[in-house]
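My entries follow in the order I made them.

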Amino acid sequence: MRSQIQGAIKLPSILCGTIITTFVIELLLPGNFIWLGIRPRTLNGLPGIFFSPFLHANLKHLGSNILPLFVMACMVSALDAKRFLSTTMLLVFIAGMFTWIFSPSGVVIGASGLVFAYWSFLIANGISTKNWKSLLFALLTILLFGALLFSLFRFQAGVSWVGHVGGVIAGLIVAQFKR
């Protein structure tokens, strides 16, 4: 049991540690890494699909993403640690492509697309697979992070609503393939 818990936490810890380390490096270096974000409908913006989850505008932005990201990443990893990386990459890719195609002009950064992708993946997976662990994680996701649903209906300047919706769509799609 202990090794299962350690296995479920290992890759999410590396993911979140890399995001935090990237933020600290960006603070210490002159300039910023925003140019590595998603720039919608430009060829130069395509690499941002994979880089944007590691980039955050400020400490508040990072703080609003890192805890839900870590908790839900641990749940996704606990469901299938061997496929955690491929699941995460697929979620990032689908959410990022949605953002790249549909977002208005500008640059999109942050892990919130992945947060919303994990959120919808965990809920949809729990409903569709109906095993006890998936159902428990779906219930925990709703109890702990149910308020994310309301943020889908709130439009704020500087917040990528398209990235959030793209994450939800990505999670729903991937949950159907992971049955």
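Before the entries, one term: I count as a helix a DSSP run of H or I with at least four residues, and helices are numbered from the N terminus. A residue lines a cavity or pocket if it has an atom within 4 Å of one of its grid points. The model is predicted.

**Entry 1: the cavity**

The structure holds one cavity of 30 Å³ or more.

Which helices each supply at least two residues of the lining of the largest cavity? I found α4 (84-102), α5 (112-129) and α8 (161-177). Of these, α4 gives the most, with four residues.

I then listed the lining residues. There are 17, and I38, S52, T99, G110 and G113 lie nearest the centre of the cavity. By class, I noted eight nonpolar, nine polar and no charged residues. Glycine counts as polar in this scheme, so G110 and G113, two of the residues nearest the centre, fall in the polar class.

**Entry 2: the second largest pocket**

I went on to open space and took the second largest pocket, which holds about 300 Å³. I counted 13 residues in its lining, with Q4, I5, A8, A78 and K133 nearest the centre.

Which helix gives the largest share of this lining? I found that α1 does, with five residues. The helices that each supply at least two residues are α1 (2-28), α3 (59-79) and α6 (132-145). I noted the classes here as nine nonpolar, three polar and one charged. Lysine counts as charged, so K133, one of the residues nearest the centre, belongs to the charged class.

**Entry 3: the whole chain**

I stepped back to the fold. The chain has eight helices and zero strands, and I read the pattern along the sequence as α-α-α-α-α-α-α-α.

For the dimensions, I noted a C-alpha trace that spans about 45 × 30 × 25 Å along its principal axes. I checked the radius of gyration against the globule rule: a compact globule of 179 residues would have a value near 16 Å, and the chain has 16 Å, which agrees.

I looked up contacts next. Among those with a separation of 6 or more, 80% join residues 24 or more positions apart.

Last, I took burial and surface. Of the 179 residues, 45% count as buried, with the cut-off at under 20% relative accessible area. The accessible surface comes to about 9700 Å², and 73% of that belongs to carbon and sulfur atoms.

How values were computed:
Residues are numbered from 1 along each chain as its sequence is written. This is a predicted model: local features need pLDDT of at least 70, side-chain atom pairs count only at pLDDT 80 or more; totals for chains, interfaces and linings use all residues. Side-chain values use heavy atoms; hydrogens and water are left out. On a 1 Å grid over the protein atoms alone, a cavity is a set of points where a 1.4 Å probe fits but cannot get out, and a pocket is an open set with protein on both sides within 12 Å along at least five of seven lines; lining residues have an atom within 4 Å of a point. Grid points are joined across faces, edges and corners, and a volume is the space filled by probe spheres set on the points. The radius of gyration is taken over C-alpha atoms; the globule rule is 2.2 Å times the number of residues to the power 0.38. Buried means under 20% relative accessible area, exposed over 50%, partly exposed in between (1.4 Å probe, protein chains only). Contact means heavy atoms within 4.5 Å. Accessible areas come from the Shrake-Rupley method with a 1.4 Å probe; for residues, only the protein chains shown count as cover.
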